[in-house]
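Here's a quick tour of the model you have open. Take a look at it first, then read on for the overall layout, the charged pairs and a few individual residues.

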Amino acid sequence: MGERFVGKVLPDEAANAATSPFFEHVIANPHSVVTAHLVDEAGSPTTVARDEILQFFRERLLAERTSDQ
């Protein structure tokens, strides 16, 4: 993914355990904070990670917008 990639691994316990039957049977292990494994509570590790992802995209999109002008 290149040198700018920042990988982040959360402990399995941080994931939402109450997922749909699809996730329970097809994706048995916690997978991503932007899927059903998000615990949507302020301050939870998954919400913090999701917000970091969204901030990254905001910064990148705003940087591209200002460079196009």
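Let's start with contacts. This is a predicted model, and among the contacts in the protein chain with a separation of 6 or more, 23% are between residues 24 or more positions apart. As for secondary structure, the protein chain has 2 helices and 0 strands. Its radius of gyration is 15 Å, well over the 11 Å that the globule rule gives for 69 residues, so the chain is more spread out than a compact globule. Along the principal axes, the C-alpha atoms fill a box of roughly 45 × 30 × 20 Å.

How much of the chain counts as buried? Of the 69 residues, 17% do. The accessible surface of the protein chain comes to about 5,700 Å², and 57% of that belongs to carbon and sulfur atoms.

You'll find Thr19 in the segment before helix 1 (21-26), and it counts as buried because its relative accessible area is 12%, under the 20% cut-off. Leaving aside residues up to four places away in sequence, Thr19 touches Glu24, Ala36 and His37.

Now for the charges. Side chains of opposite charge can pair when their charged atoms come close.

| Salt bridge | N to O distance |
|---|---|
| Lys8 and Glu52 | 2.8 Å |
| Asp40 and Arg50 | 3.6 Å |
| Asp51 and Arg50 | 2.9 Å |

Lys8 and Glu52 meet in a salt bridge, and this pair links distant parts of the chain: Lys8 is in the segment before helix 1 and Glu52 is in helix 2, 44 residues apart. Glu52 itself is partly exposed, at 41% relative accessible area.

Asp40 and Arg50 are also bridged. Asp40 sits in the loop between helix 1 and helix 2, while Arg50 is in helix 2, so the pair ties together parts 10 residues apart in sequence. Asp40, Arg50 and Asp51 are linked in a network of salt bridges.

Last stop: the greasy bits outside. Which residues form a nonpolar patch on the surface? They are Val34, Ile53, Phe56, Phe57 and Leu61, with about 490 Å² of accessible area together. Leu61 belongs to helix 2 (residues 45-68) and counts as exposed because its relative accessibility is 55%, over the 50% cut-off.

Notes: Residues are numbered from 1 along each chain as its sequence is written. This is a predicted model: local features need pLDDT of at least 70, side-chain atom pairs count only at pLDDT 80 or more; totals for chains, interfaces and linings use all residues. Side-chain values use heavy atoms; hydrogens and water are left out. Patches are made of residues with over 30% relative accessible area and no salt bridge: like charges are joined within 9 Å, nonpolar side chains (Val, Leu, Ile, Met, Phe, Trp, Tyr) within 5 Å. Accessible areas come from the Shrake-Rupley method with a 1.4 Å probe; for residues, only the protein chains shown count as cover. A salt bridge is a side-chain nitrogen of Lys or Arg within 4 Å of a carboxyl oxygen of Asp or Glu. Helices (H or I, at least four residues) and strands (E, at least two) are DSSP runs, numbered from the N terminus. Buried means under 20% relative accessible area, exposed over 50%, partly exposed in between (1.4 Å probe, protein chains only). The radius of gyration is taken over C-alpha atoms; the globule rule is 2.2 Å times the number of residues to the power 0.38. Contact means heavy atoms within 4.5 Å.
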